[in-house]
Amino acid sequence: MSDYRFAILGAGFWTKFQLSGWKEIPGARCVAIYNRTVAKAEAYSREFGIPAVYSDASALLRNEKLDFVDIVTGPETHEELAMLALQAGLPVICQKPLTLTLQSAETMVRAFQERSVQLLVNENWRWQRPIRAVKQILETGDIGRVFRARVEMISGFAVFGNQPALKAMPQFLLMDLGTHIFDVCRFLFGEATSVYCKNTKVHADNIGEDVATAMLQMHSGATVVASMAYAENFLEDECFPQTKIFIEGEAGSVELKSSYRIHCTTRNGTRVVLAQPPHFAWAAPAYDVVHASIVPCQRNLFRSLQGLEVAETTGIDNLQTLRLVHAAYQSATSGQAVSA
Ligand code: 89Y
């Protein structure tokens, strides 16, 4: 079977790791790259052996014979580029957040649905090995009905060094990290019915919030507190970019600690599962667990394009996560809990 030919749109920080991730997945070949600043695209073209380079996305889509498109540009450009690809009848894998407004995301999802063309989202956080392992433990039922949980990604890491554009986002943390953390909350605990959220800003030179605390009321009856921060402060247990999780059930508890150890405690005592993520040579050491999650995420999306598997993070599914993000912003503004 000949390879699936794809183009990657965007040549920023994440492009390097998504291209490396695609190299781990047989059957997908990147044949073209687009970036407004063409020099960045040329650099990745040399590094990854991508034959064609464009500074005009329409020209790329006109000239190249493709099977799908992978969009890794800033969220403000996702709708325009995805619609261009749809006009060419091409399935799209799009980075998160899908778009910056709910209306724009709904327009995109509807347009692809009407044309029966796949729109998928590269939402890789739920594919982190420790988080998959927590899900498996929950599925055993060992800790009984979950009534409360906390999900935390709190770090003093200087995230803006690699992604300076984050500082200028009017809505930053919930849009950038909240999309990941709320998606994990949905993955582990099902759908939410409401959210109450408090945001604050530590960095005077940031536009958007860099600290967020959200309380989700889940359909299941559980209450989930999601805490996020990029305050560039100092933490004893600094473990960027790990997500720490503590879950209380009627028959026990589960705790994912920063050592990738998961402690599951029931009346029979505590058993410990080590969920060390795989290490890829191309991963940035500071981002190991996240970069490693790119591979199973892209594999699931690619197998969906091949008709071999159901994608977990479709555009339709991701709309639910984006609705939670926007409800959280509404709550932070109104001071009220907001239905999700
Ligand atoms: O942009 C974000 C992402 O997708 O993963 C981590 C990150 O780089 C900073 O929050």
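Let's start in a loop: Pro241 lies between β10 (223-230) and β11 (244-249). Strand and helix names like these come from DSSP runs, with helices being H or I over at least four residues, strands being E over at least two, and both numbered from the N terminus. The peptide bond from Phe240 to Pro241 is cis, with omega near -5°.

Before going on, keep in mind that this is a predicted model: local features need pLDDT of at least 70, side-chain atom pairs count only at pLDDT 80 or more, and totals for chains, interfaces and linings use all residues. Residues are numbered from 1 along each chain as its sequence is written, and side-chain values use heavy atoms, with hydrogens and water left out.

Back to the backbone. Pro97 sits in the loop between β5 (92-95) and α5 (102-114), and the bond leading from Lys96 to Pro97 is cis too, with omega near -10°. In the loop between α5 and β6 (119-122) you'll find Ser116. Its phi is positive, about 50°, although Ser116 is not a glycine. Why point these out? Because most residues other than glycine have a negative phi, and most peptide bonds are trans.

Lys96 turns up again at the ligand, where its neighbours in the surrounding group are Trp14, Trp125, Val159, Gln163, Asp176, His180 and Tyr230.

| Side chain | Distance to a ligand oxygen |
|---|---|
| Trp14 | 3.5 Å |
| Asp176 | 2.6 Å |
| His180 | 2.8 Å |

Now for the helices. Which residues of α1 meet α8? They are Phe13, Trp14, Phe17, Gln18, Gly21 and Trp22, and they touch Val290, His291, Ile294, Val295, Gln298 and Phe302 in α8 (contact means heavy atoms within 4.5 Å).

The axes of α1 and α8 (residues 288-305) come within 9 Å and cross at roughly 60°. That makes α1 oblique to α8: angles under 35 degrees count as roughly parallel, over 145 as roughly antiparallel, 65 to 115 as roughly perpendicular and the rest as oblique. Axes here are lines fitted to C-alpha atoms, for helices over the stretch in contact, and angles run from 0 to 180 degrees between N-to-C directions.

Helix α1 (residues 13-23) has another partner, α2 (residues 38-48), with axes that come within 11 Å and cross at roughly 25°. This makes α1 roughly parallel to α2. On the α1 side the contact uses Phe13, Thr15, Lys16, Leu19, Ser20 and Lys23, while α2 brings Tyr44, Glu47 and Phe48.

Ile131, Arg132, Val134, Lys135 and Leu138 in α6 meet Val184, Phe187, Leu188 and Phe189 in α7.

Note on methods
A residue is near a molecule or strand if one of its heavy atoms lies within 4 Å of it. A polar contact is a pair of N or O atoms within 3.5 Å; within protein, one must be able to donate a hydrogen and the other to accept it, and residues adjacent in sequence count only if both atoms are side-chain atoms.
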